Amino acid sequence: MHALVIRNGLLIDGTGAPRRMASVAVDGGRITAVGDDIGAGYRDIDAAGRLVTPGFVDIHTHYDGQALWDAYLTPSSVHGVTSAVFGNCGVGFAPVRPGAGSYLINLMEGVEDIPGTVLAEGVDFGWESFEEYMAALERRSHAIDFATQMPHSALRFYVMGERGADHAEMPTVDEIERMGVLLERALKAGALGFTTSRTTKHKARDGRLVPSLTAGDPELHGLAMAMRRAGKGVFEVNSDFGPGEYALLRAAAVTAGRPMSALLLQVGGNRGLWRETLAWVQSLRAEGLDATAQVGARGIGVLMGLETSMNPFSDHPAWAALEALPPPERLQRLREDGALRRRLIEGRPDTPRTQLMAEWLQRTFPLGPELDYEPDLTSAIGASAAASGTSPWAQALAHMMSSDGKAMLMYPIENYWDGSLETVREMLTAEGTVLGLADSGAHVGLICDGSQPTFLLSYWGRDRALGRIDLETLVAKLTRDTAAAYGLNDRGRIAPGMKADLNVIDFDALALLPPEVVYDLPAGGKRILQKARGYAHTFVSGIEILRDDGHTGELPGRLVRG
């Protein structure tokens, strides 16, 4: 008798091979048999009419702090994710000198939009070295597996002190050597990679650019040599790819001799840059370097509503008083006070933020119950208001007040500059790309892309009218490909000997639920959360963590050391 048998499911095994009817047996946390006649199980699940897939592997999350207080690592665990990697984009919470945690909080709040009050309450900084941070994570129980990476900015600040917070300050030879020693130790202790940010989009809460922004060749060379000595780890980079950047990063990747993973998305200021960057990644692969480009499944959309971190009226003096009210009272005031609504709509302040919002409304879309993530440009607030002769501000306010004040607007800041997801489709199907950019755990009051796995399968595999992608390819993107990119070769496929991380999915019912603002962070902090339906069962190491879209309370997850 097997411990568990999942019987008669439509198996998509993660390799890209054609789907087939098969049963899966699990014993001791591993898959022990796959086929037609595999015997009985102490627990026997009939998966007839349902998909059976490997658990999803999300390589781009920011649970660096959340993993210290949230055993379930939501939203990932409600979207079929069984392994998550954080420490991305060069920001994190170790190493840290005693009493210096406030700067790392300031940096994380600015770069990843996680409130400082939440982090100050939830992160106790009971460690100094990166190895001690991993040990602190390991002492906590979690539903899913997770791994972490050494962040460049934290490392630089630790070694260089306040000088290290200024990206224009260059480290000394001794400081570069010290950074290399600490990185090598972290990698040998199990850090899954080294990550750096080289984009001006990333700023600390106080406005300072990230410390790693302009790290030069000597610094990158020293860190790359540490990776080479360790013989472990992935080099993850988020860059604007300005002049000289390709050559600099290629040199670091060659020196390290380790896999490199670069973020890839379409930005408004240079809409064709992503093609140039993809070609560069593919040229590295042609040279024999292990390089991948992390791509998203949809446009990266800022969500705006009456309870989110920002909305079109955030800079209005009349909004300040409303923001202090509990959400039900705020909505009631808006409903009852017509003069207040007119003041918000017509009495806008002449500020940079309001001017920016006026531009945004031309490409902002009402997000209704149908959750259209590929809306036609004619449905944008600006176009709709022009066609009806009304104010876009009035339309925006009316929409946010609908659905009992829970409705949201969506402004796609990246990956949607052509008014469709065809750019994303090209990225998803290009050679050398892997799924990333879900940013789970980050941008909690503005962006909710941790639901990306569910969207990828339901929209690209079923709902899109034209240009659908076959499920075998999509599942491989979520499992084998992401696992392999980070050397997690014991998972991501359904085969004997592999880790028993599995999803049983009611594909016909698979859907995203509307995003909602919840107040479940430390210190009563809020975040946008988007759940799903259609996950009948999710297993981590053969233990069921999710049943009928709800957590079972089981916590088999562990820290994965590289």
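Contact here means heavy atoms within 4.5 Å. On that basis, residues 24 or more positions apart account for 74% of the contacts in the protein chain with a separation of 6 or more. This is a predicted model, in which local features need pLDDT of at least 70 and side-chain atom pairs count only at pLDDT 80 or more, while totals for chains, interfaces and linings use all residues. Numbering runs from 1 along each chain as its sequence is written, and side-chain values use heavy atoms, with hydrogens and water left out.

As for overall shape, the C-alpha trace spans about 70 × 60 × 45 Å along its principal axes. A compact globule of 562 residues would have a radius of gyration near 24 Å, and the protein chain agrees, at 24 Å (taken over C-alpha atoms; the globule rule is 2.2 Å times the number of residues to the power 0.38). Of the 562 residues, 61% count as buried, that is, under 20% relative accessible area with a 1.4 Å probe, protein chains only.

The protein chain holds 18 helices and 25 strands, which are DSSP runs numbered from the N terminus (helices H or I, at least four residues; strands E, at least two). Take helix α3, residues 130-138: its buried residues are F130, Y133, M134, A136 and L137. They cover an arc of only 155° around the axis, so they sit on the same side of α3; the arc is that of the directions from the helix axis to the C-beta atoms. Among the elements covering these buried residues are β8 (145-147), β9 (150-151) and α5 (173-189).

Technical notes. Buried means under 20% relative accessible area, exposed over 50%, partly exposed in between (1.4 Å probe, protein chains only).
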